[in-house]
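Hi everyone, thanks for coming.

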Amino acid sequence: MGELEGVVRSLQGLVRAAVPGQSSGDEARAIASLFAEAERAAASGLLLYTPVVVATGSFTKEGHGSAAQWLGALSGSSDWSAKARLAAAERASLTPVLTEALHRGDLSSEQLKLVTRTSAEVRDAAATLLPLAQGGASHQELSDTAARLRASARCRETERARRARVHAQRHVRAHQVEGGGVKGEFFCDEVQWAQVAPRLEAEAKARWKAAGSHDVASLEAHRLDAFIELLAHRGGGAAGGGAQVETLVLIDAAALRRGSTQGDELCEIEGIGPVSVAAATELLGQGGLRYLVKEGFDVKTVTKATRDIARCIEAALIVRDRTCVAEHCARRKGLERDHVHIDFADDGPTALDNLVRLCPEHHALKTYGGWRIEGEPGNWKWVAPAHPKSAGAISRARRVAAAKGNAGVTKATKAKATKAKATKDRNDPRQT
């Protein structure tokens, strides 16, 4: 205990003496990484010992009426968050593989909560999720994998009970915050949200694109604007006067026939995430739907020499690249298509083998920051340039490119001009 106290006091001393402004960006990034490691180790230690505090009831000796109140006061979190951490700690103490992970100190409290919740529903889920967490997977990647495991493990009766519970708890809440503005949340079933989400996302992306590069608002900000617009029933909005927007459901043929998923089989609502086969098939009677059933669907030979993506290629791309392909990103909203091997301006084909889906941030890193994508589907590598650029440099490059684009000077037009000049020079008798 004395050794631990010494480490804590030393760490507090380092924080008190810190002068971040004197560090370079690279130094600050390395220091932040070390503090993140310390945070994970501290979170693991806390979760190892809290079950003992609960079991002995010693939390009352500090005047707390419950273990959740004690942990909330200790960690500066709400009682609700403390209860979730206590439940995760209790499950981990009963599962040897999770206890071992805590002793390694490589799991955050959020990761542990996710793994233990899933393990409560799915036997041996930890064997799948822990290697992902230890390999640097993002929280979104872990969440998606956990959702697939839970959906695959539910029988029809369990799924009906889950859906009934979610439906009973559906709500929209909003309140004015102290600093100004209104903050809200909603909770609903995946099927209900699937009837709204595609239209909302299409409106948000159209607004974001129309705003141009000088707009500082994020895609999330434009999503809120689109949400308000749709609620107010003021017409079609920026997406084009009420154009048809489809809800996309992706499912393996075997899972559809069986009524449940197994292993790596796919059953997802695009932009929402993994769902049960029962939830996906409930949408069959709805309008504005498009089902992509995976079974011998090969579209690699279909190409198109424009930026417009052939419908079958777009479908195959969505099935293949479920999230942003940059390593450990896992973003699934607002994804953009990009030519990966041969750029469009260099006559790169708009074919499946030459396309990937990236989130806007990683698309900018690739286009303006020199990052590359190598490898093949399912095994993409996100490769850094020799001298990675800062966010400021990438932003400036993006603005310059946008200005040139507005002036009609793009990479494609420059390439055409160079080619035309070369042809003219070859045909000019004065060059012979």
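**Aromatic pairs and a helix contact**

Let's start with Trp193, which is buried, with a relative accessible area of 16% (buried means under 20%, exposed over 50%, partly exposed in between, with a 1.4 Å probe and protein chains only). Before going on, the ground rules: this is a predicted model, where local features need pLDDT of at least 70, side-chain atom pairs count only at pLDDT 80 or more, and totals for chains, interfaces and linings use all residues. Residues are numbered from 1 along each chain as its sequence is written, and side-chain values use heavy atoms, leaving out hydrogens and water.

How many aromatic pairs does a search of the whole structure find? It finds two, where rings of Phe, Tyr and Trp (its six-membered ring) pair if their centres lie within 6.5 Å, and planes under 30 degrees apart are stacked, over 60 edge-to-face, the rest tilted. Phe186 and Trp193 make a tilted pair, 4.8 Å centre to centre with 35° between the planes. Phe186 is partly exposed, at 43% relative accessibility.

Trp371 and Trp382 are stacked, at 5.4 Å centre to centre and 20° between the planes. Trp371 sits in the loop between helix H16 (360-368) and strand E11 (372-376) and Trp382 in strand E12 (residues 379-383), so this pair ties together parts eleven residues apart in sequence; helices (H or I, at least four residues) and strands (E, at least two) are DSSP runs, numbered from the N terminus. Both Trp371 and Trp382 are buried.

Now, the helices. In H5, Val97, Leu98, Ala101 and Arg104 meet Ala126, Leu130 and Gln134 of H7, contact being heavy atoms within 4.5 Å. Thanks, everyone!
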